[in-house]
Amino acid sequence: MSVSSRPFREIRALYNDSFVRVYQAYSDEIADLAVKGNGFRAPMEAGCWCPTRMTWIKPSALWMAYRCGWTTMKDKRQARVLALDLDRSGFENLLSKAVLSHGSGSGKVNCRELPVVVQWDPERDFDLEAPKKQVFTHGVRAVRSIQIGLRKSSVEVLLDPAFVLQITDVTAQFRQAVQSLERGDLEAAREALFSAGEERPLEVSDELREILRMDVSPEDTEDDADEGEAAEQIPNERRSPATRAAPATGPAGDAGEVPCF
């Protein structure tokens with residue numbers, strides 16, 4: 001099925017009965033410690049990963065590639081991509097607590113104090129002719145991809161080994177994919193990015209579909225997020241005082257990082 005023919009909103013992921021895979025991009029320092037310890041406790045204790053900051057997870061590998069510029073085309077704080085295999089029941093329980101930041105029919109929501117925020121952003125598809133800032137992708141406004149923002153107690157679940165079952169450094173497959181795109185080989189890029197398996201629709205309960213408003217039509221979501229993931233922040237990590245002085249703004253128009261004090 002082509003991207004443009006998919007349902008308006010669905011959760012697509014690599015998963016089985018036990019886990020759901022999501023992605024995050026981090027600096028080398030955080031990635032090395034997280035992979036070695038199979039968790040975020042080590043980078044937290046090293047002072048480079050902050051459990052009180054908002055952080056985002058996404059099940060879409062291609063969205064992650066766009067967000068971090070395939071690890072090579074944006075900034076060094078997104079130089080490594082980690083695949084987090086999350087306990088499936090825990091993942092669905094997390095989503096059951098979510099509030100939509102856009103597309104709820106009631107305008108934009110103030111997300112600053114909410115523990116779990118869901119944003120439905122335009123899906124991404126491969127595009128060899130895309131402008132440089134779109135990093136070999138383009139947005140598909142008629143199809144939406146789920147982005148999940150975690151804050152406070154919901155970030156702390158990433159420290160629980162019963163929730164984060166496995167952390168894998170998948171940077172190499174992202175870089176192999178973009179190298180193929182640079183050569184114009186779309187099929188090789190797709191094979192590299194999805195070498196662990198194709199993403200497929202995740203079946204969830206009717207109750208969760210209602211919470212996430214998965215069955216609405218595009219006409220019912222006039223307040224939905226614009227392309228560019230306006231609410232998402234750059235990866236969860238501590239910043240130096242000099243960097244805190246002027247919050248960064250990413251190439252996709254994302255909000256600057258909130259410092260961790």
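Asp75 is partly exposed, its relative accessible area being 24%. In this predicted model, the side chain of Asp75 meets that of Arg77 in a salt bridge, with 3.8 Å from N to O. The pair is one of nine salt bridges counted in the structure.

A second pair to look at is Arg80 and Asp169, whose closest N and O atoms are 2.9 Å apart in a salt bridge. Arg80 belongs to strand E4 (residues 80-87) and Asp169 to strand E8 (residues 164-169), so this contact ties together parts of the chain that are 89 residues apart in sequence. The two partners can also be described by their accessibility. Arg80 counts as buried because its relative accessibility is 13%, and the cut-off for buried is under 20%. Asp169, with a relative accessible area of 29%, is partly exposed.

Glu123 is part of strand E6 (residues 116-126), while Arg6 sits in the segment before strand E1 (12-13), so the pair ties together parts 117 residues apart in sequence. Both Glu123 and Arg6 are buried.

Leu212 is found between helix H8 (206-211) and helix H9 (241-244). Although Leu212 lies in a loop, Leu212 is buried, with a relative accessible area of 0%. Which residues does Leu212 touch, leaving aside those up to four places away in sequence? The contacts are Arg9, Ile11, Leu95, Ala98, Leu100, Val118, Trp120 and Ile146.

Finally, the empty space inside the model deserves a look. Rolling a probe the size of a water molecule over the atoms shows where such space is left. Two cavities of 30 Å³ or more are present in the structure. The second largest cavity holds about 40 Å³ of space. Its lining is made up of Leu14, Arg21, Tyr23, Gln173, Leu193, Phe194, Ala196, Gly197 and Glu199. By residue type, the lining of this second largest cavity divides into five nonpolar, two polar and two charged residues.

Definitions and conventions. Residues are numbered from 1 along each chain as its sequence is written. This is a predicted model: local features need pLDDT of at least 70, side-chain atom pairs count only at pLDDT 80 or more; totals for chains, interfaces and linings use all residues. Side-chain values use heavy atoms; hydrogens and water are left out. On a 1 Å grid over the protein atoms alone, a cavity is a set of points where a 1.4 Å probe fits but cannot get out, and a pocket is an open set with protein on both sides within 12 Å along at least five of seven lines; lining residues have an atom within 4 Å of a point. Grid points are joined across faces, edges and corners, and a volume is the space filled by probe spheres set on the points. Ala, Val, Leu, Ile, Met, Phe, Trp, Tyr, Cys and Pro count as nonpolar, Asp, Glu, Lys and Arg as charged, and the others, Gly among them, as polar. Helices (H or I, at least four residues) and strands (E, at least two) are DSSP runs, numbered from the N terminus. Buried means under 20% relative accessible area, exposed over 50%, partly exposed in between (1.4 Å probe, protein chains only). Contact means heavy atoms within 4.5 Å. A salt bridge is a side-chain nitrogen of Lys or Arg within 4 Å of a carboxyl oxygen of Asp or Glu.
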